[in-house]
Amino acid sequence: MAGSIQKNVMLMQKTLFMIGLRRAAVASPPITPIMGLAWQQQVRMQTTKPVTTPLRVIKPESAQEELARQRLRRPVAPHLSIYKWQVHSVSSAMERNTGLLLAGGLYLFGTSYLVAPWLGWDLSSAALVAALGSLPVAAKVVLKFFVAWPFTFHLFNGIRYVVSSTGYTLGSKSQFIKIAWAVVGSSALAAVGLVAYV
């Protein structure tokens, strides 16, 4: 009997101690605001009782109808068409796409160059120069631009990502947008320069 009384007293002391700790955690200023919010949320979750609703009994023959009714009320994920296009999100997608285009083009040409002798193709440097030299000037300019622009955009946007990962450019949204537009403009100018030079 004395042992059970001691256990009850110890349990009561432990409970009171935990209640005191919870009150102190909520009342005292936290080390960081996020930790304080986490403590308050944890205390709220431990002190509130969950609300239970009675279960509905569904007959097996009406289960499919109930499932169809629930599916009609289920939210649908929004499509990309409802979002406003922003230059930094588009440039992020273009960074990936230009990287895939450049790497895919390199692998495709490398594989073609390796299998060309077995297929009877002539992909020697002299043959490629002669083929490109026979094209009209407008076609040469367009072809050069479509090779140069992905390269310059991927290069300049990659530099932008490295700089922005340090956190210096995240100060204001307008600065972030200006830098993204600067990358688009400078990559286009550099591509035009490469087309004119090469």
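Q: What share of the contacts in the chain with a separation of 6 or more comes from residues 24 or more positions apart?
A: The share is 67%, where contact means heavy atoms within 4.5 Å. The model is predicted: local features need pLDDT of at least 70, side-chain atom pairs count only at pLDDT 80 or more, and totals for chains, interfaces and linings use all residues. Residues are numbered from 1 along each chain as its sequence is written, and side-chain values use heavy atoms, with hydrogens and water left out.

Q: How many helices and strands does the secondary structure of the chain come to?
A: There are 7 helices and 0 strands, in the order α-α-α-α-α-α-α along the sequence. Both are DSSP runs numbered from the N terminus: helices are H or I with at least four residues, strands are E with at least two.

Q: Why is N157 called buried?
A: N157 has 0% relative accessibility. Buried means under 20% relative accessible area, exposed means over 50%, and partly exposed lies in between (1.4 Å probe, protein chains only). The value for N157 is therefore in the buried class. N157 belongs to helix α6, residues 137-164, and touches S91, E95 and V183, leaving out residues up to four places away in sequence.

Q: What makes S91 buried or exposed?
A: The relative accessible area of S91 is 3%, so S91 is buried. S91 is part of helix α4. Apart from neighbours within four places in sequence, S91 is in contact with F153, N157, R160, Y161 and A180. Over the chain of 198 residues, buried residues make up 14%.

Q: Which class does I177 fall into, and why?
A: I177 has 28% relative accessibility, so I177 counts as partly exposed. This residue is in helix α7. With residues up to four places away in sequence not counted, I177 touches V87 and H88. I177 and S89 are 88 residues apart in sequence, and their C-alpha atoms are 10.0 Å apart in space.

Q: Why is α4 called oblique to α7?
A: The axes of α4 (residues 87-119) and α7 (residues 173-197) come within 9 Å and cross at roughly 45°. That makes α4 oblique to α7: angles under 35 degrees count as roughly parallel, over 145 as roughly antiparallel, 65 to 115 as roughly perpendicular, and the rest as oblique. Axes are lines fitted to C-alpha atoms, for helices over the stretch in contact, and angles run from 0 to 180 degrees between N-to-C directions.

Q: Which residues meet where α4 and α7 are in contact?
A: V87, H88 and S91 in α4 meet F176, I177, A180 and W181 in α7.

Q: How many aromatic pairs are there, by the rule for rings?
A: Rings of Phe, Tyr and Trp (its six-membered ring) pair if their centres lie within 6.5 Å; planes under 30 degrees apart count as stacked, over 60 as edge-to-face and the rest as tilted. By this rule the count is 3. The rings of F145 and F146 have centres 6.2 Å apart and planes at 75°, so this pair is edge-to-face. F145 is partly exposed at 29%, and F146 is exposed at 59%.

Q: How do you know that R160 lies over the face of Y161?
A: R160 is 4.9 Å from the ring centre of Y161. A charge sits over a ring if NZ of Lys or CZ of Arg is within 6 Å of the ring centre and within 35 degrees of the ring normal. The charged end of R160 also sits over the ring of F176, 5.5 Å from its centre.
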